[in-house]
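Welcome! Please take a moment to look over the sequence and the 3D view, and then read on for a short tour.

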Amino acid sequence: MCGIVGISATSPINQVLYDALTVLQHRGQDAAGMMTCHEGRFHLRKDNGLVRDVFHTRHMKLLQGNIGIGHVRYPTAGSSSSAEAQPFFVNSPYGIALAHNGNLTNANAIKDEMFRTQLRHINTSSDSEILLNVFAHELHAQGQLQPQPEHFFTAIGNVFKRCQGGYAVVAMVNGHGLIAFRDPNGIRPLIYGRRETPAGPEFMVASESVALNALGFEPVRDVKPGEAILFDLNGNVHTHMCAEDSCLTPCIFEYVYFARPDSIIDGVSVYKSRLRMGQKLAEKVLREWADHDIDVVMPIPDSSRPAALEMAKYLSVNYREGFVKNRYIGRTFIMPGQTERKKSVKQKLNAIGLEFKGKNVMLVDDSIVRGTTCTQIIEMAREAGAKNVYFCSAAPEVRHPNVYGIDMPVASELVAHDRTVEEIAELIGADKLVFQELPDLVESVQVGNPEIKEFDCSVFDGRYLTGHVDEVYLNQLAMARSDAAKTASSKDESVIDVYNQTA
């Protein structure tokens, strides 16, 4: 899961890009990058680390131009090296820079085909570079010295035919403008907005609406599944449905965990959807555990707060903040290795003893993936004096790999894989464990936009909406994306990114 942003403006946009990436920092803490275009030349800075650590004054001065794209990354494949950081760039045709959020499920097949038939070399293990080269090839095939919007749209239509999976893309074409497109299933989020200036309109495309709001852009609408949008250099907006078949099936895990609560994705308030998740959890507890002895409901900060608040309200028990979060520690789920995740939990949270002592505590988290975090948190609650520690997940059991860009691909790393709820409870040390029901989760989100008929729930139900995902593919993915593979890959890192010359 990553965060992307693209801006076409009437004045320099380096600071606006920087600010947008800081707003999207929750979507990736491994690497950050920005590329701008000024007088026909691209300027790039990307490296490992948080936005504030990657971009210094000397870098910002070099990022000139009124148009640019940015990216924050967390690794789902390959190493966590700067060679994998985005944006990527090709010089033909025209000069194209691209940043991407998601995952191509047929990346290896495309890579092989491009080498055999188009003689294109892919220099990294990133499928973003593959996607960029597919787009470049299809645009080159249009054979236009001065391409019109329809030529870009034809190229993107061919990209959709060749690239399977979930992806949202921002691209910058030298001399022509900013382009955004979204996979035909709309799995990964993408929205655009506009703001007026004396010199003319300015446009921003981003993974979440909160980035638009923070920078003074009025959200216009979400990019539709299978749609491409061209923001040309004259302030005009060209749109076209490029996919032959499209259907909005957004990733439901965006609402559970990834997105900020103040974002609106595909017309659904993330915050309100999480409130409804808490209500559904309370209804399940009252239905299956009517004589519960819960004294207090506590969230695991931060994303589970709305669900915990609403759960406590409907159970008529006290809501308390039992953990203090160190805000200078990153999100545990998106850290690149199990060792880092384990190490960071106790650095991130500290229990307030007086809220736990002698009480039956219901802890609420957004989800349980590997079980590492919740196991340590339950231990902390007991050490703080809790009488009984119950645990509640606002999401159902995560039992299946994800293939659309979320870092939970290896089934053996999922605590719920091949285990019953009782076995999971025993493993994590909870006195009682409650999971959200999948129909309740779907309803919690769908109420916000009844036009969404289906969601990507593959991590819960094992249904991969794009097809072409079989056991062979999942086994290959497991070998490439396990924590052990990432550790081995990072130890072997010795490549210098030839384009990253602004350090």
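Is Cys2 buried or exposed? Cys2 is buried, as its relative accessible area is 8%. Keep in mind that this is a predicted model, with an average pLDDT of 91 for the protein.

**Confidence**
- A pLDDT of at least 70 is reached by 91% of the residues.
- Over residues 493–503, pLDDT stays under 50.
- For that stretch, residues 493–503, the model has 17 contacts beyond four places in sequence.

**Cysteines**
- If you are looking for disulfides, the structure holds 0 of them.
- Cys2 is in no disulfide, and the nearest cysteine sulfur, which belongs to Cys251, lies 13 Å away.
- For Cys374, the closest cysteine sulfur is in Cys392, at 12 Å; a disulfide needs the two sulfur atoms within 2.5 Å, so this pair is too far apart for a bond.
- Cys374 is buried, because its relative accessibility of 3% falls under the 20% cut-off.

- You can find Leu286 in helix H9, which covers residues 270–288.
- Leu286 has a relative accessible area of 39%, so it counts as partly exposed, between the 20% and 50% cut-offs.
- Beyond its neighbours within four places in sequence, Leu286 is in contact with His292, Tyr314 and Leu315.
- One of these partners, Leu315, is 29 residues from Leu286 in sequence, while their C-alpha atoms are 7.5 Å apart in space.

Notes:
Residues are numbered from 1 along each chain as its sequence is written. This is a predicted model: local features need pLDDT of at least 70, side-chain atom pairs count only at pLDDT 80 or more; totals for chains, interfaces and linings use all residues. Side-chain values use heavy atoms; hydrogens and water are left out. pLDDT is the predictor's confidence in each residue, from 0 to 100. Contact means heavy atoms within 4.5 Å. Buried means under 20% relative accessible area, exposed over 50%, partly exposed in between (1.4 Å probe, protein chains only). Helices (H or I, at least four residues) and strands (E, at least two) are DSSP runs, numbered from the N terminus.
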